[in-house]
Amino acid sequence: MTMPAFVKFWGTRGSIPTPSSWTRVYGGNTSCVEVRFDDTMFICDAGSGIRELGKDIITRQPRPTELHLLITHTHWDHIQGFPFFTPAYVPQMQIHLYGESKDTNRPYELLSGQMSSEYFPVSFSQLGAKIISSHFNDSQATIGGVNVRRFPLNHPGGCSGYLFEKGGRKIVYATDNEIVPQPGDVFPDPDDEGPLRQVPKTLVEVTQGADLLIADAQYDDREYASKKGWGHSSSFSVTDWAVQAGVKNLAIFHHDPEITDKDVDLKIQSCIKRAGRLNGQLTIFAAREGVELKF
Amino acid sequence: MSTSQFEATIATSISVVRRERELRGRYLEQIEGEGSPRQIPLERPQLVIGRGEADVPLTSLRASRQHAILTLKGMDFTIRDNESHNGIFLNGVKIHSAILRDGDVLQVADCAFIFREG
């Protein structure tokens, strides 16, 4: 019997935590997503959302004792929550922290670095949990029977997306990625009239037929026009990516700290309209703190 | 310094400690399906939505007996699909669980509800 996969959003905001009455629906915590296959638990990014996840893990029965932490990149909004992650202080806990290779583990270095005394009162070496530096082989790993593939994203300083596959289910986490409009694309497209934009073939290939694609679409076309090169995508470009890859569900992620819940709703409506016009057969929604999906 | 500068400060026995607002009356407003329109107050920390003898009873055959569970956690109501046959939808998206916010549209079987916070 195939066990279901679960995905839960703990932090969906980009750049900086944004607690406010106008972010109450989609949430103000920075990136953190739980992906669970059977008893194997992955944590994608350690933004401020990981604090609530940690509190939740501690109360679960049975409590997980082995966690797999995958960091897309080490910009602040993806690591800042780790010092407040309660399971890291629990002696019985094992946390695998995945780096680039056997010899290089930048996430390990940066997560420990941000706990030096200049920044935080508790040092990394004082954590009760066993923090294990782990790595992929040729961007692939099989963890708890789940095939995990790391793939490159377009973001200043570099970034990785992650593909999780098991039992025919396919989940992709791809945040902090800029899809650059190409010559021939209609950009900006304020009236939503243009054809599908060109999307890197590698992205389409890795996400082909995914049950869920969680993708950075921090901007709309208008916002993106003034923020080219910042490493984030327009929601229309991401919609076109999902349509071309035939994904079943697209979660718009990494919401800009300046946009309100109402803005997010409007963005999603425009993406749904565009996908429909381009014959996309998918569900599009905004990633929202506290929402759990089952596949 | 003259005492007149302090005249605006009036001695009082009124407590100035911030007072936590009482939990606002929250309810489900059924807008579609048999039984609508109706309002269902959420006055207990846990309620079952389902067919038959549930806290929020539904008549639809598409509803499971204990279809979904609403639970108060802290200040928030969470809804969870209780392994129902047809699932639950939040604002049109099939979910397993979610923290509810004012205005959310919840679909259970043939029924639709709006979650209201006061």
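Q: Where is A:Asn279 found in chain A?
A: In this predicted model, A:Asn279 sits in the loop between helix H6 (261-277) and E13 of chain A.

Q: What is phi there, roughly?
A: Phi of A:Asn279 is near 65°, which is a positive value in a residue other than glycine.

Q: And is A:Asn279 buried or exposed?
A: A:Asn279 counts as exposed, because 8 other C-beta atoms lie within 10 Å, and a residue with 12 or fewer falls in that class.

Q: How do E9 and E10 of chain A pair?
A: Strand E9 (residues 159-166) and E10 of chain A pair in the antiparallel sense over five bridges, and A:Lys166 stands opposite A:Arg169 in E10(A). The hairpin of E9(A) and E10(A) has two residues between the strands, and in it A:Gly167 takes a positive phi near 55°.

Q: How enclosed is E10(A) by the rest of the structure?
A: Strand E10 (residues 169-174) of chain A is largely enclosed by the rest of the structure, because five of its six residues are buried.

Q: What about the pairing of E10(A) with E11(A), parallel or antiparallel?
A: E10(A) and strand E11 (residues 212-216) of chain A run parallel and are joined by four bridges, with A:Ala174 standing opposite A:Ala215 in E11(A). The chain crosses from E10(A) through helix H3 (residues 201-207) of chain A to E11(A), and this β-α-β crossover is right-handed.

Q: Where is A:Pro188, then?
A: A:Pro188 lies in the loop between E10 and H3 of chain A, and the peptide bond from A:Phe187 to A:Pro188 is cis, with omega near -10°.

Q: Which residue of E12(A) is the bridge partner of A:Ala215?
A: The bridge partner of A:Ala215 in E12(A) is A:Ile252. E11(A) and strand E12 (residues 249-253) of chain A pair in the parallel sense over four bridges.

Q: Changing topic, which residues of helix H2 of chain A are buried?
A: In helix H2 (residues 106-113) of chain A, the buried residues are A:Pro107, A:Tyr108 and A:Leu111. They cover an arc of only 100° around the axis, which puts them on the same side of H2(A).

Q: What do the buried residues of H2(A) pack against?
A: The buried residues of H2(A) pack against strand E5 (94-99) and strand E6 (130-135) of chain A.

Q: And how many residues of chain A are in contact with chain B?
A: Ten residues of chain A are in contact with seven residues of chain B. On the side of chain A that touches chain B, strand E13 (283-286) and strand E14 (292-294) of chain A each supply at least two residues, and E14(A) gives the most, with three residues. By class, that side of chain A has five nonpolar, two polar and three charged residues.

Q: What is the secondary structure of chain B?
A: Chain B has zero helices and eleven strands, and buried residues make up 25% of its 118 residues.

Q: Which peptide bond of chain B is cis, with omega about -5°?
A: The bond that joins B:Ser36 and B:Pro37 is cis, with omega about -5°, and B:Pro37 is found in the loop between strand E1 (26-32) and strand E2 (38-41) of chain B.

Notes. Residues are numbered from 1 along each chain as its sequence is written. Chains are lettered from A and ligands numbered from 1 in the order in which they are written. This is a predicted model: local features need pLDDT of at least 70, side-chain atom pairs count only at pLDDT 80 or more; totals for chains, interfaces and linings use all residues. Two residues are in contact if their C-beta atoms, placed from the backbone, lie within 7 Å. Ala, Val, Leu, Ile, Met, Phe, Trp, Tyr, Cys and Pro count as nonpolar, Asp, Glu, Lys and Arg as charged, and the others, Gly among them, as polar. A residue is buried if 20 or more other C-beta atoms lie within 10 Å of its own, exposed if 12 or fewer, and partly exposed in between; C-beta atoms are placed from the backbone. The arc is that of the directions from the helix axis to the C-beta atoms. Two strands pair if DSSP finds at least two bridges between them. A crossover is right-handed if, with the strands pointing away from the viewer, the path from the first strand over the helix to the second runs clockwise.
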